[in-house]
Amino acid sequence: MQDQDFPSQDDWAIETLAVRAGTARSGFGEHAEAMFLTSSYVFGSAAEAADRFSNKVEGNVYSRFTNPTVTMFEQRLAALEGAEAALATASGMSAILTCCMGVLKAGDHVVASTGLFGSTVQLFNNILSKFGITTSYVSPADPAAWRAAVRPETKLFYVETPSNPMMELADIPALASVAKDAGALLVVDNCFCTPALQQPLKLGADVVIHSATKYIDGQGRVLGGAIVGSKAFIKDQMLPFLRTAGPTLSPFNAWVLLKGLETLAIRMERQSENALAVARWLEAQPQVKRVIYPGLESHPQHELAKRQQKTGGAVLSFELRGETPEQQRTNAWRVIDNTRLVSITANLGDTRTTITHPATTTHGRVAPEVRAAAGITEGMIRLAVGLESPEDLCRDLARGMTD
Ligand SMILES: Cc1ncc(COP(=O)(O)O)c(C=O)c1O
């Protein structure tokens with residue numbers, strides 16, 4: 001293998017990095033990245049095997065630890081985030097688990113944002129809690145609340161921005177400053193924006209988490225995840241857990257994700273444009289009570305979104321009117337059930353638009369009073385806008401919008 005088939009330079013644009021960074025060619029000189037489907041690697045001698053196992057000499061040993069195709073994906077993603085290193089994992093959830101297992105111990109405390117992805121909340125509340133790790137939840141939009149939640153044993157700040165499905169933003173530089181004062185690590189789940197729209201490490205975060213299943217794949221094919229940060233953090237705190245516990249990304253999935261990264265920036269740009277067009281159309285519909293999209297002037301954090309993100313992103317939520325919660329649900333379900341184009345599925349980040357009713361699907365397991373406090377009403381619909389024509393999408397949504 002060549003080390004890197006891409007001349008390293010500090011100022012390559014993200015579009016260039018997306019198609020070039022991380023590429024390492026084998027002796028065959030292939031142009032496209034090779035898929036290395038091998039579980040182990042052959043050594044020239046017993047001494048070489050011993051040196052590789054003891055880390056005296058760098059190199060692949062076993063694909064639970066490292067694999068050349070996975071390494072290419074890690075290096076390309078790290079380049080896009082403006083980071084020193086990345087570690088790929090089997091899914092977004094295993095990236096979050098690896099991060100927590102590598103950083104936390106019994107007795108530690110986490111401050112996390114409200115409105116996190118449901119499985120992340122389950123991980124903090126039902127699994128990490130069994131090992132003596134406690135979590136407090138505060139609004140992503142209120143840095144003072146984060147400061148107030150800090151305890152002497154606080155080790156980690158965990159935030160998703162924008163949040164799902166309420167599209168609330170956290171001011172990353174403001175949270176980074178609170179985290180620094182607290183001596184805690186600021187971890188940002190950058191799943192909704194991806195590095196094409198937001199680079200949290202450049203804004204002061206310590207670690208970025210990805211569900212690569214979403215926009216990085218971009219076409220709804222494979223699961224994957226990643227942790228992005230400094231070389232020392234990845235090597236000393238993340239890799240030991242991954243190589244021992246094994247939530248490793250398969251080389252096949254890494255190859256699919258490498259190809260996904262190549263088109264990430266243009267997909268994010270076009271899907272954001274489409275989302276803005278659909279959001280503006282929704283705002284004009286009498287049946288719609290409100291549209292929540294950071295790219296709209298009506299979003300309470302629109303100015304922050306303009307500062308921190310390149311666009312408003314491709315996900316929006318909107319609420320149907322209705323006198324009672326039952327009526328709101330009937331109206332929301334009518335819109336969903338009358339679509340013929342968009343897919344009724346809880347996934348997001350696909351080139352095909354997806355539609356979800358959060359109150360009865362992604363957030364169905366959340367207690368009704370918690371859901372209500374978070375603003376997730378029965379009339380709310382989440383739309384992850386894809387690459388279809390926005391006019392076609394609006395026609396599809398209009399079908400179920402009767403009074
Ligand atoms: C914001 C966010 N983080 C993490 C995850 C978990 O990712 P995965 O499904 O790849 O485990 C998801 C999945 O939907 C998500 O939306």
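Helices (H or I, at least four residues) and strands (E, at least two) are DSSP runs, numbered from the N terminus. The model shown is predicted: local features need pLDDT of at least 70, side-chain atom pairs count only at pLDDT 80 or more, and totals for chains, interfaces and linings use all residues. Residues are numbered from 1 along each chain as its sequence is written, and side-chain values use heavy atoms, with hydrogens and water left out.

**View 1. The loop between β4 and α7 holds Pro162, Pro165 and Met167.**
Helix α7 spans 172–182. Thr161 and Pro162 are joined by a cis peptide bond, with omega about 0°. A cis bond also runs from Asn164 to Pro165, with omega near 0°. Met167 has a positive phi, near 55°, and is a residue other than glycine.

**View 2. Met93, Ser211 and Lys214 each place an N or O atom by a ligand oxygen.**
From Lys214, a side-chain N or O atom is 2.7 Å from an oxygen of the ligand. For Met93, a backbone N or O atom lies at 2.8 Å. The side chain of Ser211 has an N or O atom 2.9 Å away from a ligand oxygen. The protein covers 90% of the ligand's own 390 Å² of accessible area (Shrake-Rupley method, 1.4 Å probe).

**View 3. The ligand takes up the second largest pocket.**
On a 1 Å grid over the protein atoms alone, a pocket is an open set of points where a 1.4 Å probe fits, with protein on both sides within 12 Å along at least five of seven lines. A molecule sits in a pocket if more than half of its atoms lie within 2 Å of its grid points.

**View 4. Asp108 and Lys155 form a salt bridge.**
Their closest N and O atoms are 3.0 Å apart. Asp108 lies in the loop between α4 (92–103) and β2 (109–113) and Lys155 in strand β4 (residues 154–160), so the pair ties together parts 47 residues apart in sequence. The count comes to 22 salt bridges (a side-chain nitrogen of Lys or Arg within 4 Å of a carboxyl oxygen of Asp or Glu).

Methods: Polar contact = N/O pair within 3.5 Å; in protein donor to acceptor, adjacent residues only side chain to side chain. 1 Å grid on protein atoms, 1.4 Å probe; cavity = no way out; pocket = protein on both sides within 12 Å on 5 of 7 lines; lining within 4 Å.
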